[in-house]
Amino acid sequence: MTFQAPKGTFDWMPPRSEWALAVRDALAEPARRAGYGYIETPAFEDTALFSRGVGESTDIVTKEMYTFTSRGGQSLTLRPEGTASVMRAVLEHGLYGGPLPIKLWYSGSYFRYERAQAGRYRHFSQVGAEALGAEDPALDAELIVLAMDGYASLGLRGVRLLLNSLGCKECRPAYRAALQDFLRGLDLDEPTRNRIEINPLRVLDDKRPEVRAQLENAPLVTDHLCGACKAYHEEVRGLLTAAGVAYEDDPRLVRGLDYYTRTTFEFLHDGLGAQSAVGGGGRYDGLSEQIGGPALPSVGWALGVDRTVLAMEAEGLLAERPRGVEVFAVPLGEDARRRVFPLVSELRRAGLAVDMAFGGRGVKGAMKAADRSGARYALILGDRDIEAGAVQVKDLTTADQTAVPLAEVVQFLKGKLS
Ligand code: AMP
């Protein structure tokens with residue numbers, strides 16, 4: 001019997017897996033440079049954290065959670081997103097009593113029982129950043145700029161930013177009521193009609209063309225913002241422009257999680273087909289209270305690692321081989337192997353990326369392995385070289401070969417490769 005990865009999951013395999021690592025690093029780097037500290041939370045939490053935090057009526061909670069009962073009888077859920085866990089940790093450790101905002105970033109695996117398709121998986125990877133405990137438009141703008149800088153550092157040019165405000169607890173109820181009035185007059189199926197009563201904003205997110213067509217004249221949240229929300233939103237927009245970040249206002253942008261207030265945003269890439277969101281986030285001023293904490297206005301984002309790699313592929317950015325080995329050693333015979341082995345270790349300790357031929361293959365097979373490795377130089381050592389106290393250094397791009405004294409080879413290659 002053989003096994004396959006479960007439906008909706010896949011393996012990151014070399015060399016492509018190098019890009020997943022590179023994307024994770026690149027997306028986190030701007031946040032790290034902006035004072036965000038690393039947080040790691042468990043991959044599973046109390047189920048109620050997500051049902052209360054993410055929202056009882058959301059697709060995530062009603063259809064997509066991997067929930068199980070532990071042997072101890074507790075209901076646990078594999079995390080479908082990161083924000084609720086980060087908030088839980090901040091509350092549990094009492095960080096809100098210290099300096100604010102608390103800035104944190106994270107990276108890891110997330111689990112949603114979704115309809116599996118290209119770019120949409122049941123196990124996926126995100127890099128996230130959260131700034132908790134401050135209501136300041138500069139913080140919203142900072143996070144957006146950091147995400148855009150992360151995408152740009154990977155060479156991505158096609159990431160678009162959609163921006164909206166969802167209002168606050170002062171102005172949202174009136175908008176919600178106006179939207180419900182409008183939606184109740186439409187020709188919609190039973191589940192959607194139910195949704196109008198529970199979570200009308202989510203109806204705006206319906207992707208079906210027959211629903212979309214009817215939503216054309218739906219009231220827009222931006223027409224219902226209170227003065228404070230309007231001013232806040234204007235400030236965020238102004239700061240983005242000042243930082244040189246272009247955005248598109250999208251008054252219909254709502255997101256799949258209940259906790260968002262005021263600023264919401266999404267990062268799209270047009271090369272990805274239906275699953276075009278490479279990241280998203282927003283302000284969630286009510287989440288802390290929803291899960292039993294004090295008022296802790298916060299803002300954050302989560303960027304999809306898997307889809308960012310797909311976006312890079314769509315832009316032709318994966319053509320170059322990701323970081324591989326620089327030097328590949330080919331010993332010709334037993335004696336040579338015994339001498340090459342410590343040399344390879346020494347080269348690695350000197351900071352070079354080095355591999356060697358294993359498994360006692362012949363010269364031909366070993367040279368093929370050297371070519372396949374992507375290394376720039378092959379180090380070839382035969383009996384005659386050992387006698388001469390030298391090693392052949394072959395430039396695999398030009399096929400030029402030079403004998404270098406064994407004692408000098410580390411310095412020689414360091415010089416060539418730095
Ligand atoms: P969300 O937590 O839904 O706001 O998602 C943030 C980002 O994570 C999205 O923009 C996607 O890039 C990524 N993402 C969310 N769900 C999935 C999934 N099922 N498969 C792959 N990536 C996902």
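A: Happy to! The protein is divided into domain 1, which covers 16–171 + 225–314, and domain 2, which covers 327–417. Keep in mind that this is a predicted model.

Q: Okay, what separates the centres of domain 1 and domain 2, in Å?
A: Taken over C-alpha atoms, the two domain centres are 47 Å apart. The C-alpha atoms of the protein fill a box of roughly 90 × 55 × 45 Å along the principal axes.

Q: And how many helices and strands are there?
A: There are 16 helices and 16 strands in the protein.

Q: What share of the residues counts as buried?
A: Of the 418 residues, 50% count as buried.

Q: Let's talk charges. How many salt bridges does the count come to?
A: The count comes to 25 salt bridges. One of them pairs Arg33 with Glu29, where the closest N and O atoms are 3.3 Å apart.

Q: Why are Arg33 and Glu29 separated by about one helical turn?
A: Because they are four residues apart in helix α1, about one helical turn lies between them. Arg33 is exposed, at 64% relative accessible area, while Glu29 is partly exposed at 32%.

Q: Which salt bridge links distant parts of the chain?
A: Asp59 and Arg195 meet through their side chains in a salt bridge (3.3 Å, N to O). That pair links distant parts of the chain, since Asp59 sits in helix α3 (residues 59–64) and Arg195 in helix α7 (residues 190–198), 136 residues apart. Arg195 is partly exposed, with a relative accessible area of 23%.

Q: Which residues are linked with Asp59 and Arg195 in a network of salt bridges?
A: Lys63, Arg202, Asp205 and Lys207 are linked with them in that network.

Q: Which residues form a positive surface patch?
A: Arg361, Lys364, Lys368 and Arg372 form one. Lys368 lies in helix α14 (residues 363–372) and counts as exposed, because its relative accessibility is 54%.

Q: Switching topic: where do you find cis peptide bonds?
A: One joins Pro14 and Pro15, with omega about 5 degrees. Pro15 is in the segment before α1 (17–33). The bond from Leu100 to Pro101 is cis too, with omega near 0 degrees, and Pro101 lies in the loop between α4 (83–92) and β5 (102–111).

Q: What about positive phi values in residues that aren't glycine?
A: Arg262 has a phi near 50 degrees, and Ala399 has one of about 70 degrees. Arg262 lies in strand β9 (residues 261–269), whereas Ala399 is in the loop between β15 (390–395) and β16 (401–405).

Q: Is Arg262 buried or exposed?
A: Arg262 is buried, because its relative accessible area is 8%. Ala399 is partly exposed, at 49%.

Q: Last one: how many Å apart in space are Asp355 and Asn164?
A: They are 51 Å apart, C-alpha to C-alpha, and 191 residues apart in sequence. Asp355 is found in strand β13 (residues 354–356) and counts as partly exposed at 26% relative accessibility.

How values were computed. Residues are numbered from 1 along each chain as its sequence is written. This is a predicted model: local features need pLDDT of at least 70, side-chain atom pairs count only at pLDDT 80 or more; totals for chains, interfaces and linings use all residues. Side-chain values use heavy atoms; hydrogens and water are left out. Patches are made of residues with over 30% relative accessible area and no salt bridge: like charges are joined within 9 Å, nonpolar side chains (Val, Leu, Ile, Met, Phe, Trp, Tyr) within 5 Å. Accessible areas come from the Shrake-Rupley method with a 1.4 Å probe; for residues, only the protein chains shown count as cover. A salt bridge is a side-chain nitrogen of Lys or Arg within 4 Å of a carboxyl oxygen of Asp or Glu. Lys and Arg count as positive and Asp and Glu as negative; His and the chain ends are not counted. The place of a charge is taken as NZ of Lys, CZ of Arg, CG of Asp or CD of Glu. Helices (H or I, at least four residues) and strands (E, at least two) are DSSP runs, numbered from the N terminus. Buried means under 20% relative accessible area, exposed over 50%, partly exposed in between (1.4 Å probe, protein chains only). Domain bounds come from an automatic or database domain assignment.
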